[in-house]
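Visitor: I've got a model open and a few things to ask about it. Could you walk me through it?

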Amino acid sequence: MIRLYARHNITDQARGLFFEMQKWRCKPDVETYNALINVHGRAGQWRWAMNIFDDMLCAGVPPSRSSYNNLINACGSSGHWEEALKVCKRMTENGVGPDLVTHNIVLSAFKNGAQYRKALSYFELMKRKKVKLDTITFNIIISCLVKLEQFDRAVETFFLMRRNALDCKPDVVTFNTIMHAYAASGKIRDARATFEMMIAEGIKANIVSYNTLISAYASLGMSKEALETFNLIEESSFRPDIVSYTSLLNAYGRSRQLDKAKEVFDLMSKISLKQNTVTYNSLIYAYGFAGCVEEALNLFDEMKHVRVQPNVVTICILLAACGHCGHPEKTDSIISLAASQGIQLNVNAYNTAISTFMNGGMYDRALCIYGNMKEKGVKPDSVTFGILINGACKIRSHVEAQKHFDEMLDTQIGVTVEACTALIDAYAKQGLLNEAELLFSQMNTFGCSPNVVTFTTLIHAYGTAEMWEKSYSLFEYMEANNIEADTIAYSTLMSILNKGGQFEKVLSVAERMREKNITFSEATYFEIIAACSK
């Protein structure tokens, strides 16, 4: 009976019957303990699982490999990867060798604890120990690579599996993960092609497969394609679930089809599918970024009445909507709403609030929010400092920008190329070219290399100072170092060359753009016409 309760995740009854057994002087065996540890692990009650394991030892019942595996899984699936490792160590010390299941559970523990690089290191250790790997192993590793945004490595591993070069074939989980990887990197066509490849290879799609594809289309507001995939679910043996409906709603919201988004939302109520926090967040996003901030705030109030708990993502969406629609004055009231709901702001929420005030020209108010952030013990990240430096740049204060940059260095969170670029821009706008050049030359020592935006910023600074030769030389240096110039970089250089009377060079740069298939903008054509008219 305990095993039956465990199989159906009925934790309390399984535990109750276990204690009843002991009243009847019926001694549980190792399989009984294993079932009880397993059911508590699946319920996320890892401490209970640990206590039951200790009771088993006290009762003189020797734990089996399955006992340890169940306990490691209980800790790891709850995000307690350190505890999982302790159990694994305890296992080997007691003379029970780990098997492939154990190794896969440890990998999952690292993944669930967001320790993706540790998972990759452990995977390399498995290979060195010549552990025979299976599809589950590679699925976990591919998932970790996707989380680390190492999409190329994830796809490479996937194709090695397909060619059977790794002695195991991809399954539906593998395909779903790769579809997600393509979607996250904006390669929606590849995500669709992966879905079709899976079907062609005889692997039956599951509801996650369809939802992943709908979500991919939704991220780009491709509502027509999202609806077509949604309809495929209804044609299959599956029924759309809350994720399916929420993703379709999101697709309509991101394509500014508010009526259809609300229609999907209302349909969920009609079919007794209760909207959750993610559903409300999607509709709030749709209204907020369509300029309907009041409607978005009304939805937030509605969440309280229908007992759907808003979260910090809800607050981030509302704050971002205020910034997008030019209503920074609503930011304080939204932060107060968060406090009234017991929602603690994270670094993303504070960054959004600071950015909203900065974009609204309210620099002092943004600094006040930054001060509150530090008082609450929320550590700023590189994005925070990028926003602060950009804000200082907008008010043309290189002193303030430098202060934020120095603080960024002191926190040792890592200097970003965006922060350096913003400070170079601040220097340039004050005519401090020497300081701008010095920071540009120091970027590699900070662990970040100038990108095309950085180069364009300094090229523009030289142009403002009527130093076209330096602008041209820096542009040539950029291309020589394999940094591809974009339309803005070319247009900026052409404008500088025109002002310096270098009309032939303008036409030469335009020809280079044509050869490299760089898109011409209106500014590009304007500079070409200006050069030809001289």
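Visitor: Which exposed residues does the face of α22 turned away from its buried side carry?

Guide: This is a predicted model, where local features need pLDDT of at least 70, side-chain atom pairs count only at pLDDT 80 or more, and totals for chains, interfaces and linings use all residues. Numbering runs from 1 along each chain as its sequence is written, and side-chain values use heavy atoms, leaving out hydrogens and water. Buried means under 20% relative accessible area, exposed over 50%, and partly exposed in between (1.4 Å probe, protein chains only). On that face of α22, the exposed residues are D364 and E375.

Visitor: And how wide an arc do the buried residues of α22 cover around the axis?

Guide: The buried set in α22 is Y363, A366, I369, Y370 and M373. They sit on the same side of α22, because the arc they cover (taken from the directions from the helix axis to the C-beta atoms) is only 120°. In general, an α-helix has 3.6 residues a turn, so residues three or four places apart point the same way. The arc for α22 is 120°.

Visitor: What covers the buried residues of α22?

Guide: Think contacts here, meaning heavy atoms within 4.5 Å. Helices are DSSP runs of H or I with at least four residues, strands are E runs of at least two, and both are numbered from the N terminus. The cover includes α20 (331-340), α21 (347-359), α23 (382-394) and α24 (398-411).

Visitor: How far does α22 reach from its first C-alpha to its last?

Guide: Helix α22 takes in residues 363-375, which is 13 residues.

Visitor: Which residue with a positive phi comes just after α22?

Guide: There's one after α20 as well: G342, with a phi near 70°. Just after α22, at a phi of about 80°, the residue is G377.

Visitor: Zooming out, how many helices and strands does the chain have?

Guide: The chain has 534 residues, and 48% of them count as buried. Its C-alpha trace spans about 100 × 55 × 50 Å along the principal axes. The secondary structure comes to zero strands and 31 helices.

Notes
Expected span 1.5 Å × (residues − 1).
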